[in-house]
Amino acid sequence: MSTLDTSPATAGRTTGRAGRPADSDPSADTAVDPADARATMVAELAKKDGLLPGPVRDALLALPREVLMPQAYVRRSAPGEEPPRWDLLDWSAPQDRPELLGLLYGRANVLVQHDGEPLLGRVRGTRSGASITSMSTVLGLTSALLEELDLRSGQRVLDAGTGAGVTAAVACQICGDQGVVTLDRDRHLTDAARLADLGFRPEAVCGSGDEGCPAQAPFDRIFVSYTVERVPAALVEQLAPGGRLLAHVTSASPSWPALAVVERTTDGQITAELRAVEFAHRAGHSMERIWLSEAFRQRIATGPGTWTRRSMVAPPDDTDRGLWLAADHLLGGLVCDFGAEHLVIGATGCGSWVRVESAGRSRWDVTTHGPRDIWKELQDLAGRWRSAGSPSRYRLVFEADDGQRAVSACGRLSWHLPTPPARSTREYPRDLSRRALGPARPVSGWCAVSGGQRHTEPVDVHLILRRETAAGPGVLLSRRAGQVYAAGLWHLPSGHLDGPHEDVVAALVREAREETGVVIDPADVRAAVTVHHRSPGNSSRTGYFFEVRQWQGEPRIAEPDVCDAMDWASLDALPAGMVAYCRAGLDAYTAGARLAVHFQLPGDPIAFVPGADRLRLVPDVTSRSVAGHPDAAVVEFAERAVGRITAWTDTSWARENSRVWRAHGAQGGTWYVKVHPSERFHGREVRGLRTWASALGAAAPQLVAADETLRAVVLTAVPGRPLHGVVLAPQQERAVFQQIGALARRIHQSSPTCTAPAGSGPAVAKADRHLAAARHHLKPGDEEFVRELVWKAEDLQPLEWVETHGDFQLRNILYSAEAAFGDEAAGGADDSENLVAVIDLERSEPGPAVRDLVRLSDAWDGRPDLFDAFLAGYGRSLTGAEEARLVIDMALDSVSGIAYGAAHDDPELVERSRRTLARLRAEHHTPRSSTGEAW
């Protein structure tokens, strides 16, 4: 029997996140007496692995494993040490017996062959380099599979994969050796099988396990002791009526295996299922594997990733094995690092990875990297899996064309197992051992095809016949009918090229006339988008979508045998029941893309389903942006974070350096995408979002993704509209300002206070520059007032620092009119969350708390009741030192605002700043000291 897969991708399961059972060395106190060791082993199997009384238990209790495996290896080198070293222990050496007995009857794999060597005549001692090429599987897995096999006396059994001979020995003990055939591709293993020493004489054959043993067929039980990508068809053919076959199945990834249980009924029908399991045998010799290298693991563990988002969706649990099995086949190329403390999955083919770490309070930080958004792929698949009933078992269907398809009980989730490569005309070399060919070149009954025909695929054309209406743009759709692909679904008029004589425009004109009866002048054809498509059945094609706005004739059903309906549909409200390929083309066209990829996965429906949207827009080489859209690179970044975006709305402020868009997702949801004017603004906003904003919950946007190179962020949408310009009744205003005070308190108390750094007083160093720029717009006495404040500021004592927003003013505070008010008449306010929220954190940094009152103070000019309401929500009054600092900061900010507004043609900013400065002069004829006393 081959071994449990102990590859680098699965070795970490011994200490991983779920605390899985360890394949560790047995206790050093194992008894030297083999009979006592067997009894202890069986008792442990019953206690920890659920071994039941019965023939398997009795056979294991009677089986002297030291006879089957009188020699075994123990690794002496440390993990990662190169070259690895093993010692061969020998039962004939008394000094080796205690350790060897512990290995044979412990809960670990038994290493029986190194570097494909002959097993007979070996000399005990140390081996270095190469690898272990045969093992006996950990007994916990072995016993469970033998019980599942349901061996009975008189049955004929095929053991595909002799290994150390344990399965064959148990089968001989229970069924009788006359009906047992043990088969292995390595003659050294079949020759060395010591079954005769136990009194058993099954037939030992050297050959391909996938081919079985037709000469001895049929078999009542077939056991495949190595992992395969699909159930070998030859073995299914050799299964007798009433028979059962067991084989582990995985993709190239070893992370999420399945056990295939195949049965032939008494009337000859085949029934089968795939059961998601935790462990599996080692891969067969012809099966390629993918691993996470140590370097790749380190990159995942320490890398910042492309973007990080905070998620309230829990990652799938390790015990959701039915989901992980589906991911193994439907997502493809993923390997899990079970040794990590949190969920870590990599895709070695493209370098993508995802790391999911708990952030507490039922939230997770999801860091992703690379072209694949593995997190989104998992969440999409998890939704499909749950809608299919969260299956852990799938029906395995053997199709007429030799395909094998796994499908959930309800039929909503399915995939095809890989198709085998073409058979070689060369006979399997039964007399060649692995050692003869070298350990890196395993013998195979299959051959890879190289140098064959180049890949070709069909080309088709699609007509976007567009008309403008009062309700918006519409396109012509036809419903397919009859014996055609996707019958019953809506589609654009389309077709294939007739041959190499026809170009794509000519093909479009012809198809339009044949299907709809309209006549199109080729000069009116406009290129819309090109889509590279792959169907769920794994066939690919290239589709050219063309827009036509002028034609002759009225569209009609010209081919009633393949079309039973035709109608105009709004581009903004496409109907349900559309072909996913067609819908992808229209969505790409609406988004303004020139090229798109739409590669569906096995098991995806033909009809468009939002949860299985595979459209990916390819940016133009010139990075042109569509009107109202960000640049193509920003679009790509945003769609990696939240999925495909179907609508962009420019929500930038009316100033040159503001770049903000509202984005609507194809599967629902709204986000904001922002590009900062400088690295400093980007760094400050990202820091604020990752620190104090997360503590505010719905009262602040949450960071979904950030890209330092693009200086871009994707943020969650916060409900409400800016308070700037909103007219409220006085009692409502007081309630709102009390909530603003409470919001400021939450920001300032989001982290402990700290001592202000040296030299961190008011920004007096900039006063001369700002005064010079604003001088022509100042009133007489303004400059003298400001300079006196600057001079007195040197005596101010520094204030403690807290987290601050930095631009806390009404335009950055959102008001939600739907929130309920409390007893405003009594001067109180409702404490409901979401009444006010804050946005625009690009000036956020630590500073004195009064920093956030500088620009807000203009809102309560002449309304002391609003300032009182703010302080009520804030929970305290300002200290004298804070009041003095506030006056100075407000004056300096006013001068700065006048200078900036004058330079950037912003008269509103100039007037507001002049008004604030005038108010300060009126209220503070005499500046105040650092303690709040008059100077």
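Modeller: Start with a single side chain. This is a predicted model. Leaving out residues up to four places away in sequence, V786 touches L771, L892, V895 and L917.

Colleague: Which residues have the most contacts inside the largest nonpolar core?

Modeller: V786 is one of them, along with L696, L723, I740, V836, F808 and F870. That core has 67 residues. Helix α22, residues 880-903, gives the most to it, with 10 residues.

Colleague: What lies apart from this core?

Modeller: Another core, of 56 residues. L330, I345, L378 and L417 are among its members.

Colleague: Now the sheet. How do strands pair in general?

Modeller: Through backbone hydrogen bonds, either parallel or antiparallel. Here 10 strands form an open sheet with mixed pairing. Read the order as β8-β7-β6-β9-β10-β11-β12-β18-β19-β20.

Colleague: Why is one side of β8 and of β20 left without a neighbour in the sheet?

Modeller: Both stand at the edges, β8 at 203-206 and β20 at 414-416. Each has a single partner strand, so one side stays without a neighbour. From one strand to the next, the twist averages 20 degrees.

Colleague: How many bridges join β6 to β7?

Modeller: There are 4, between residues 157-160 of β6 and 180-184 of β7. These two strands run parallel. L158 stands opposite V181 in β7.

Colleague: Which helix packs on the sheet, touching β9, β10, β11 and β12?

Modeller: Helix α5, residues 139-149. Its direction makes about 155 degrees with that of β10.

Terms used: Residues are numbered from 1 along each chain as its sequence is written. This is a predicted model: local features need pLDDT of at least 70, side-chain atom pairs count only at pLDDT 80 or more; totals for chains, interfaces and linings use all residues. Side-chain values use heavy atoms; hydrogens and water are left out. A nonpolar core is a set of buried Ala, Val, Leu, Ile, Met, Phe, Trp, Tyr and Cys residues joined through side-chain atoms within 4.5 Å. Buried means under 20% relative accessible area, exposed over 50%, partly exposed in between (1.4 Å probe, protein chains only). Contact means heavy atoms within 4.5 Å. Two strands pair if DSSP finds at least two bridges between them. Axes are lines fitted to C-alpha atoms, for helices over the stretch in contact, and angles run from 0 to 180 degrees between N-to-C directions.
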